[in-house]
Amino acid sequence: MESIGVLLTCPMNTYLEQELDKRFKLFRFWDYPSSKDFFNEHSNSIRAVVGNTTIGADAEMIEALPKMEIVSSMSVGLDKIDLARCKEKKIRVTNTPDVLTEDVADLAIGLILATLRRICESDRYVRSGSWKAGDFKLTTKFTGKPVGIIGLGRIGLAVAKRAEAFDCPISYYSRAEKRGTNYKYYPSVVELASNCQILVVACALTPETRHIVNREVMDALGPKGVVINIGRGSHVDERELVSALVEGRLGGAGIDVFENEPHVPEELFALDNVVLLPHVGSGTWETRKAMADLVLGNLEAHFLNKPLLTPVV
Amino acid sequence: MAAEAEVPSQLLILKPPPLFSDYEYKFYPKFQLLKAWESPLPTPLFLTTHAHSVKAVLSSGSSPMTSDILRHLPSLQLIVTTSVGLNQIDLPACRRRGISIANAGKVLSEDCADLAVGLFVDVLRKISAGDRFVRSSLWPAQNDFTLGSKEGERLGGKKVGIVGLGSIGLEVAKRLEAFGCIISYNSRRKKANLSYLFYSNVCELAANSDALIICCVLNDETHHMINKEVMKALGKEGVIVNIGRGAIIDEKELVQCLVQGEIGGAGLDVFENEPDVPKELFTLDNVVLSPHLAVFTPESFSDKYDLVVGNLEAFFSNKPLLSPVLDE
């Protein structure tokens with residue numbers, strides 16, 4: 001398979017890059033001054049694209065690579081892939097579900113605790129020597145607080161399971177009520193936000209869920225409420241989030257994803273009631289390796305005419 | 001029957017506990033407060049002059065009840081402390097004099113456990129480090145935080161050794177099980193009816209764990225219990241979280257191990273000489289430091305206040321204490 005051209009859209013994982021280099025003819029998208037330069041030179045050489053949540057396979061790329069047979073994404077989210085176009089052109093698409101579920105759920109709880117108990121802020125407090133001047137302030141208890149989850153898929157359920165260990169009552173919003181859980185269902189996000197203190201975004205990004213956490217939802221959550229976003233930046237109306245936080249209409253936020261990564265609204269840097277992470281939901285070496293192995297496994301299966309491991313299209 | 005005017009009972013306070021600033025006003029109708037720290041007299045003289053007939057004292061972690069102080073309180077019958085820990089109290093002296101002690105019981109256990117888990121997840125998933133990275137505007141330049149060996153570690157499957165499986169330790173265990181951690185523990189005695197693996201000494205626990213979470217009391221046996229040997233047994237990838245007392249760990253040794261990469265990371269809420277924290281820790285990305293705030297929530301303070309007053313009222317009306325510390 002060393003002659004098969006594979007395009008890696010951005011640096012995402014050293015192990016993955018090394019293995020792709022070993023097994024295929026690897027092209028690194030970022031080695032070229034512009035995408036046009038790359039397409040002009042190599043458009044006919046690429047039979048597979050490995051993308052992620054930063055750069056996937058959009059319409060322009062799909063049209064520019066006529067020999068593309070498969071897009072193997074190092075992510076579970078598919079919002080950066082033009083799925084309709086792939087379907088149309090019979091391009092296979094694979095992602096990396098399940099292996100990252102637990103890590104993302106772990107991070108959601110970590111963000112809740114860091115935000116409510118002010119862990120990052122108090123770490124800054126100690127490192128700056130401020131503790132010598134006096135004790136830190138009171139922080140918000142987590143155990144027993146009502147948690148609302150948007151999206152009760154694999155990740156949403158894993159978040160719920162963990163929050164239950166903290167005796168939190170769980171409620172959720174989903175496109176339809178789910179059978180087989182005891183969690184309270186709300187048919188709208190505003191109602192969910194009105195009835196919880198911690199709102200966790202755990203659904204997929206689709207045209208319907210864009211800005212699903214908007215001003216109305218944040219106002220319903222209120223000055224003691226906290227938004228935890230482990231989905232996609234575009235789930236939350238970022239401008240509204242910033243003004244709600246700055247004006248004190250929203251109590252706090254723990255955010256792993258942003259509308260325009262890696263750019264983060266600078267107004268947030270001045271706030272102590274937010275925790276900001278650089279999209280590390282699946283960022284453990286164990287999970288990244290498992291994701292990389294899925295990417296590699298899917299590519300090999302495709303080129304050996306075997307069934308794909310985790311096909312989406 | 002006319003109601004008798006209640007004469008407020010005397011309550012001695014040597015140093016104000018952290019909850020005092022918010023709750024002081026609530027003590028007044030019920031108790032006559034003797035506030036030693038407000039007097040210009042040195043404490044022993046203050047006690048001799050004013051505290052001769054004091055039966056009850058309110059203590060806290062930072063308000064030691066040494067044998068010297070106890071000697072100046074001939075009528076003392078009860079010490080109520082806002083802390084769970086008792087290391088600031090001369091226990092043998094209290095035993096000799098028959099002085100009862102009431103502490104914070106289990107009301108603080110949830111908040112302490114929450115913080116322990118919060119620190120643990122932070123260290124493994126680099127939450128404070130990631131937040132620093134974003135706030136210093138490094139993300140646009142570096143693109144991916146996890147490149148360059150900044151990847152975090154999975155919690156699921158981690159063997160977590162809990163040092164001290166009391167009320168707090170049990171709450172920590174319950175939470176971490178939901179993350180898929182495998183729990184084992186060391187305690188003075190094995191606990192019945194638990195599925196967690198028991199190790200009779202802390203070094204063996206460390207050798208069989210990926211992380212240690214310290215939830216035990218500080219006393220003569222546990223002082224510097226986490227020493228070089230234990231840290232070596234834990235290993236280079238090992239993580240230590242301490243929400244007990246700073247002196248349970250040999251702090252000098254801990255700092256050295258962290259600086260030299262002999263252990264993987266630490267989440268610390270307590271230190272040997274608070275509020276002093278070893279400066280070498282400030283440059284490390286694999287440690288998370290919090291200023292002894294495990295119980296700093298409105299709920300814990302309110303519950304502590306209720307329990308303190310409940311214990312005092314029980315004592316002064318000859319009823320059983322709500323949260324007595326029993327001799328074991």
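## Helix α8 of chain B

In this predicted model, helix α8 of chain B spans residues 167-177. Its buried residues are I168(B), G169(B), E171(B), V172(B), A173(B), R175(B) and L176(B). Buried means under 20% relative accessible area, with a 1.4 Å probe and protein chains only. These residues pack against α5 (109-125), β6 (159-163), β7 (182-186) and β9 (211-214) of chain B. Contact means heavy atoms within 4.5 Å. Helices (H or I, at least four residues) and strands (E, at least two) are DSSP runs, numbered from the N terminus.

## Helices α1 and α12 of chain B

Helix α1 (residues 20-27) and helix α12 (residues 298-316) of chain B cross at roughly 35°. Their axes, lines fitted to C-alpha atoms over the stretch in contact, come within 11 Å.

From α1(B), Y23(B), K26(B) and F27(B) take part. They meet P298(B), F301(B), S302(B), Y305(B), V308(B) and V309(B) in α12(B).

## Between chains A and B

The two chains bury about 5400 Å² between them. That is accessible area (1.4 Å probe) lost on being put together, summed over both. Carbon and sulfur atoms carry 59% of it. In chain A, R117(A), R127(A) and W131(A) lose the most area to chain B, together 15% of what that side buries. Each chain brings 63 residues to the contact.

There are 8 salt bridges between chain A and chain B. A salt bridge puts a side-chain nitrogen of Lys or Arg within 4 Å of a carboxyl oxygen of Asp or Glu. R132(B) forms one with D123(A), the closest N and O atoms being 3.1 Å apart.

## Conventions

Residues are numbered from 1 along each chain as its sequence is written, and chains are lettered from A in the order in which they are written. Local features need pLDDT of at least 70, side-chain atom pairs count only at pLDDT 80 or more, and totals for chains, interfaces and linings use all residues, while side-chain values use heavy atoms, without hydrogens and water.

Key
Axes are lines fitted to C-alpha atoms, for helices over the stretch in contact, and angles run from 0 to 180 degrees between N-to-C directions. Buried means under 20% relative accessible area, exposed over 50%, partly exposed in between (1.4 Å probe, protein chains only).
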